[in-house]
Amino acid sequence: MPFAVVNTVEKGQSMFCYCPENWIEDDEVLWWPPRNLEKKVIMDDSSIRGEGWTNQSCEVKFRGVSRESAMDIVGVLVRSNTDNEEEAEEEISSDDNGGVAENQISGNDILLSDSILQSLVPVSKEDFQLLTERVSNMEQKQDQMLKQISEMMTMMHNLTKSHADLLQESADGFWILGDSLLVWDFRKQFVKLQSEYGVSPFVRIRVENRKSAPHDGIIVIDEGEVSLPSKMFYRLSPRHEIIEGFKILLRDVAILMGVVHDRAKQFAEDIFNYEKRIVNTINVTQQNDDREINREITLGSVMKIAPSLPLLDIITTLYPNSRVTENTIVLVRDLEVLRSMSIVVATTDLQVLNMYLVWSLIRRYLPFISRDYRIAAEEFEKKVYGFREPPPKWYFCTKLVRDWMDFGVDALRENPQLIVVHQKDTTQESKVFFSEKFTIDRDSQNDELVKMIFYHLRNELKESVNGDGRISDSLRTYISDHLSAIALQIGIPDDATHRDEFVNNYYTDFTPQRLYFLNNLRHRWKFIKARMEAKLTNQTRAEKLIDVLYPLTEEEDQRFVQFHPGLNTIVVSRKALRRPYFHQNYPISINFARIGKDFIQTIVHAIKFYQESHSRVNTTYRSASSAENKIINDAFKCYTKRFFYDKTSIPTEAKTKLYVDVESNRILVRAFKSFLRHADQNSPIYDSTVADSTTFDDFGLRNRLRQPGLRIYDENQLLVLTQLQRYCGLEDPNAYDRIKVFMEMEFPRKEIFQILWHFVPELSNALSCDHVDIEECGDVL
C-alpha cells in the first residue's frame, strides 16, 4: 500500500510527517503507534493500527506516493514551512507515477548564492554571516539563478529517489536485464542518449575551433567515453584492486536497481569485458602510425566509413539550428578508430548494447542520485585514489556552482553595479559591504604590470624563434608574424560586463528546476549544446573570448590563461590576478614566477598551434612519423631515467606537458634577467600596449623594496624559490602517484621537482647549491 503525507498540529506548531495510508481514518484522523514500535512499523506500508495506538486530527496533503517520494516531500515542506507553507505546497503535487511535479524558474533570473561568496570572497566568519543576511534579502536579475542552485544542492543531499524512478522518467525505451528486445531500436536510443543526456559511448561529438584558417567553429567527431578514468586500467590484472573495485561498483549499482545478486555479478562482468573489448580495439588501431588523424571530411563520407553509427541523426539533433547535411565538413580525430567503433557496434548483440547504454546513462548520473549510489561510487574512488574522506557538502555545492555559473559569478565581481540590493535593504551599510567585498584587489595598476610582463615574455620568445636556425625560413616568418600580432585580453571584455542583458542572454537556455536536482542535468546539457552550437555561428569577439575563458565541459582545458587561435589573443582570468596569487605590491620576482610562468606555457602552446597550422598544407594530417616518435621517446627516457616508467605506455599529452613545464622554467629564468635589465635601464617594453605614461617606477621595480624577511634573497633566488614552490608538498608517497600521469596527464609534483633540479641548471645555480648532478637532454621543443 502507498504512503501519504499529512499535516498535524502539536503544541501549537504545524508539523509534517509521512505514514502508510491505512494509518489515516476518514481523511481527518491519524493513528500513531507507541514510541517503542514507531521505527519498526513506519517503513511497513502493510502495518495496521493496534493496541496502544493514539489518534489526532490531521490534514492529508498527499496520497498515493512512494515512501521515498513521501520523505522528499516532507523534507521540502519542513524547510519551506518557516517562510511560506502555502508556497511550498504549490511547488509539490502528486503525479500519476507517485512522483513530484517540477517547478521551473526563468532562465533570465540569476542569484548570487552565499556558498559562492564564501568560497570566492575572502571574508571572516562574522562577515559571512552578515553577507548571508544580505543575500537573503537580495532581489535582482543577476542573482536568482545562483541562489536557486544553492538551495537545490541542499535538497539534493537529502534525496533518496530510487534509480527505478530515474530510468522510468529519463530513459524510457531502455530495458535493464532480461526483458524482450524485439522492439528495441539501438539507433533511436543511441541518438537520444547523446542528444538529450550528453552521454557519449562509442563516439563523442563536440564543436571546437578549426586548426586552420579561418579558425572558426567546426563539428569534431572523436572516440567515445569509457568508465574507468584511463584506458590504461583495462590492461591491469583481473585481480588488481582497481579492477575488482570497478566490478563491485557495477554489481552494487545493479543490485540497487533491483537485479538479483547472481545476475548483478554477471552484469558487472559483461560491462567490464565489453568496455575492455572497446579499449583494446582502439589501442590496436592506434598502433598504425600511417593512419589519418584530424581529417576534415564531409559528413556523408564519414557515414560511409562508419555506417553503424547514426552520426547524421545525432548531429542534427544536437545542433538543430545549424542545417547540418551530408555535405557539411566535419573534423574526425581518427578515421580508423571511428571505423573500428562502427564494426564493434555492428558485431555486438542487442542485449549487450542495451546493457551498455543503460550503464553509460547511470554512470553520468551517479554523483547526483541517492546516497546508496553515491556511497558505492565513493568506495570505488577509494580504490583509485587511496583512502580519503568524501568531500563535505559545502565543497560539492560550491564546486558545482562554480562549474555551472562561473561566468555569472565573475561578471558580478568585475562589475558590482550588476548587483541590485533589495529596496527594503538599501542602507548605507549594505552598499558599503558589497562594494568592499567585490572591489577588493581591483587596482587598475595591476593590469599595466600584467601587460609589461606579458609583452616582455612575448618578445623574448619571438627572439628565440628568430634566432633558431633549425626551422625553415617560411615557418620562422609565419610564427614571428603571429607573435608580433598576438593580443592580450585581461578579464571579461567590457562590453560583456557593462550590460546585464549580455549575462542574462548567456544563460537563456539554462532553466534550473527546484525539486529534483537530478532533472537539472538535462537542462545543463541543453545549455551546453546551445553554447557549442553558437560556435558554429558568427560570434562576436566577446562571445569567443568568454567561450575560451569559461569552458563548459571537463574535457576542456581549465587553466586561467587561455589562447584563442581565431582571434590570436591570449586571455587571462582575473582569478589569476587576485591575492594571494598576484598583486602589484608583491615583489616582482614573485609575480613574474607565477603569472609569467602561466604566460610562457600558453605562448608555447600558441607557437605549437602556429606550427601545426603552417604544416596543414594538405587536406590530410597523418600521425607523427617514426622519427618524431623516436625523438620524443628518447627525450622522455632521458628525463625520467631516475624513475621507472614504461615510455610506451605514457600518454603523449603527459609527455608534452612535461617538456613544456621543463622548458618554461628554463625560459622564465632567462627572461626575468632581461626584464630586470629593462627596469634598471628604464627602457620601454617594445611593441606593447602599455601606456606611455606607465613606467617601471610606478611599481617600484627599480628600487625593489621588500619586507625584512625576504631581504636575505636576491631577485633571482626569490624567483627560483617561487618557481619551485609549485612542486613542493607534504604528501607521503602513495599508490596514486604511480597512476597520476594516466589520470591527470601530469607527473607527481615531487618527480617534476627532481627533473627540474637536475635538468634546469639555472635553478640550482641561482641558489648556489653545490654537488648537484646536472644532466642534459635533447631539445624536444
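Axes are lines fitted to C-alpha atoms, for helices over the stretch in contact, and angles run from 0 to 180 degrees between N-to-C directions. The model is predicted, so local features need pLDDT of at least 70 and side-chain atom pairs count only at pLDDT 80 or more, whereas totals for chains, interfaces and linings use all residues. Residues are numbered from 1 along each chain as its sequence is written, and side-chain values use heavy atoms, with hydrogens and water left out.

**Whole protein**

Of the 781 residues, 53% count as buried, that is, under 20% relative accessible area with a 1.4 Å probe and protein chains only.

**Helices α10 and α13**

Select residues 261-285 (α10) and 335-346 (α13). The axes of α10 and α13 come within 9 Å and cross at roughly 150°. The two helices are therefore roughly antiparallel to each other, a term for angles over 145 degrees. Next, show the side chains of the contact (heavy atoms within 4.5 Å). From α10 it involves Tyr 274, Arg 277, Ile 278, Thr 281, Ile 282 and Thr 285, and from α13 Glu 336, Val 337, Ser 340, Met 341 and Val 344. These residues divide into six nonpolar, three polar and two charged; Ala, Val, Leu, Ile, Met, Phe, Trp, Tyr, Cys and Pro count as nonpolar, Asp, Glu, Lys and Arg as charged, and the others, Gly among them, as polar.

**Sheet β3-β4-β5**

Move to the open sheet of three strands in the order β3-β4-β5, where the pairing is antiparallel. Two strands pair if DSSP finds at least two bridges between them. β3 (24-25) and β5 (54-57) stand at the edges with a single partner strand each, so one side of each is left without a neighbour in the sheet. Select residues 29-32 for β4, which pairs with β3 over two bridges; Val 29 of β4 is the bridge partner of Glu 25.

**Sheet β11-β13-β12**

A further open sheet has three strands in the order β11-β13-β12, with mixed pairing. Its edge strands are β11 (487-490) and β12. Neighbouring strands here are turned by 25° against each other on average, direction ignored. Select β13 (residues 569-572), which pairs with β11 in the parallel sense over four bridges; Val 571 of β13 is the bridge partner of Gln 489.

**His 564**

Finish in β12 (residues 561-564), at His 564. This residue counts as buried at 3% relative accessibility. Leaving aside neighbours within four places in sequence, His 564 is in contact with Asn 209, Lys 544, Leu 545, Val 548 and Thr 569.

Technical notes: Angles under 35 degrees count as roughly parallel, over 145 as roughly antiparallel, 65 to 115 as roughly perpendicular and the rest as oblique. Buried means under 20% relative accessible area, exposed over 50%, partly exposed in between (1.4 Å probe, protein chains only).
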